[in-house]
Amino acid sequence: QVQLVESGGGLVQPGGSLRLSCAASGSIISGGWYRQAPGKQRELVARILSSGGTVYADSVKGRFTLSRDNAKNTVDLQMNNMKPEDTAVYYCNVYLDIGRDLWGQGTQVTVSS
């Protein structure tokens, strides 16, 4: 059974840090995190491409870091120096070597004092 499990998220003060983790039940070809704030469209936060390169949204460059662990089939997002505008539901998305494209259920991230 193909599964995608997200963890992390929660409430953090401005300037604080959070880490999101996404674990897949198969080998990840490409994967990353997206977010959707209330009243806005879902947008890319960061993604590791099949080529191995990583792309980031301009708004998170220098603050967020995406990493992949091929042995554990995970894609993690380290978020530092967080801002209120980072508040959103964050979704993991991966493309597996078996040709499946999976989305996680979403995890709430709130940045507020």
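Mentor: Let's begin with pairing: two strands pair if DSSP finds at least two bridges between them. Keep in mind that this is a predicted model. Within it, Arg 19 stands opposite Gln 78 in E8.

Trainee: How do you know that E3 and E8 pair?
Mentor: The cut-off is at least two bridges, and E3 and E8 have 6 bridges, so they count as a pair. Their sense is antiparallel.

Trainee: And what makes E1 and E3 a pair?
Mentor: There are 4 bridges between E1 and E3, so that passes the rule of at least two. These strands run antiparallel as well, and Glu 6 stands opposite Cys 22 in E3.

Trainee: What about E7 and E8?
Mentor: They have 6 bridges, again antiparallel. Here Thr 65 stands opposite Gln 78 in E8.

Trainee: What is the order of the strands in this open sheet?
Mentor: The 4 strands come in the order E1-E3-E8-E7, with antiparallel pairing.

Trainee: Why are E1 and E7 said to stand at the edges?
Mentor: Each of them has a single partner strand, so one side of E1 and one side of E7 lack a neighbour in the sheet. From one strand to the next, the twist averages 15°.

Trainee: Which residues of E1 are on its covered face, and which on its uncovered one?
Mentor: Leu 4 and Glu 6 make up the covered face, while Val 5 and Ser 7 are on the uncovered one.

Trainee: Next label. How do you know that Cys 22 and Cys 92 form a disulfide?
Mentor: Check the sulfur atoms: they are 2.0 Å apart. The cut-off is within 2.5 Å, so the pair qualifies. By this rule the count comes to 1 disulfide. The link joins distant parts of the chain, with Cys 22 in strand E3 and Cys 92 in strand E9, 70 residues apart.

Trainee: Why is that disulfide called left-handed?
Mentor: Its torsion about the S-S bond is about -80°, so it gets that name.

Trainee: Are those two cysteines buried or exposed?
Mentor: Cys 22 and Cys 92 are both buried.

Trainee: What makes a group of residues a nonpolar core here?
Mentor: The members have to be buried residues of the listed nonpolar types, joined through side-chain atoms within 4.5 Å. The largest such core has 28 residues, and those with the most contacts inside it are Trp 33, Leu 77, Met 79, Tyr 90 and Val 94. Several strands each supply at least two residues of this core, including strand E4 (28-36) and strand E11 (107-111). E9 gives the most, with 5 residues.

Trainee: Which residues does Met 79 touch?
Mentor: Not counting residues up to four places away in sequence, Met 79 touches Gly 16, Ser 17, Leu 18, Leu 20, Arg 63, Phe 64, Tyr 90 and Val 109.

Trainee: Now the loops. Why is Asn 73 called buried?
Mentor: Its relative accessibility is 18%. Buried means under 20%, so Asn 73 falls on that side of the cut-off. Asn 73 is found in the loop between E7 and E8.

Trainee: What makes the phi of Asn 73 worth a remark?
Mentor: Asn 73 has a positive phi of about 55° although it is not a glycine. Most residues other than glycine have a negative phi. The hairpin of E7 and E8, where Asn 73 sits, has 4 residues between the strands.

Trainee: Where is Asn 81, and why is it called partly exposed?
Mentor: Asn 81 is in the loop between E8 and E9.

Trainee: How many residues apart in sequence are Gly 53 and Ser 30?
Mentor: They are 23 residues apart in sequence and 9.6 Å apart in space, C-alpha to C-alpha. For Gly 52 and Ser 30, 22 residues apart along the chain, the C-alpha atoms are separated by 8.1 Å.

Conventions. Residues are numbered from 1 along each chain as its sequence is written. This is a predicted model: local features need pLDDT of at least 70, side-chain atom pairs count only at pLDDT 80 or more; totals for chains, interfaces and linings use all residues. Side-chain values use heavy atoms; hydrogens and water are left out. Buried means under 20% relative accessible area, exposed over 50%, partly exposed in between (1.4 Å probe, protein chains only). Contact means heavy atoms within 4.5 Å. Axes are lines fitted to C-alpha atoms, for helices over the stretch in contact, and angles run from 0 to 180 degrees between N-to-C directions.
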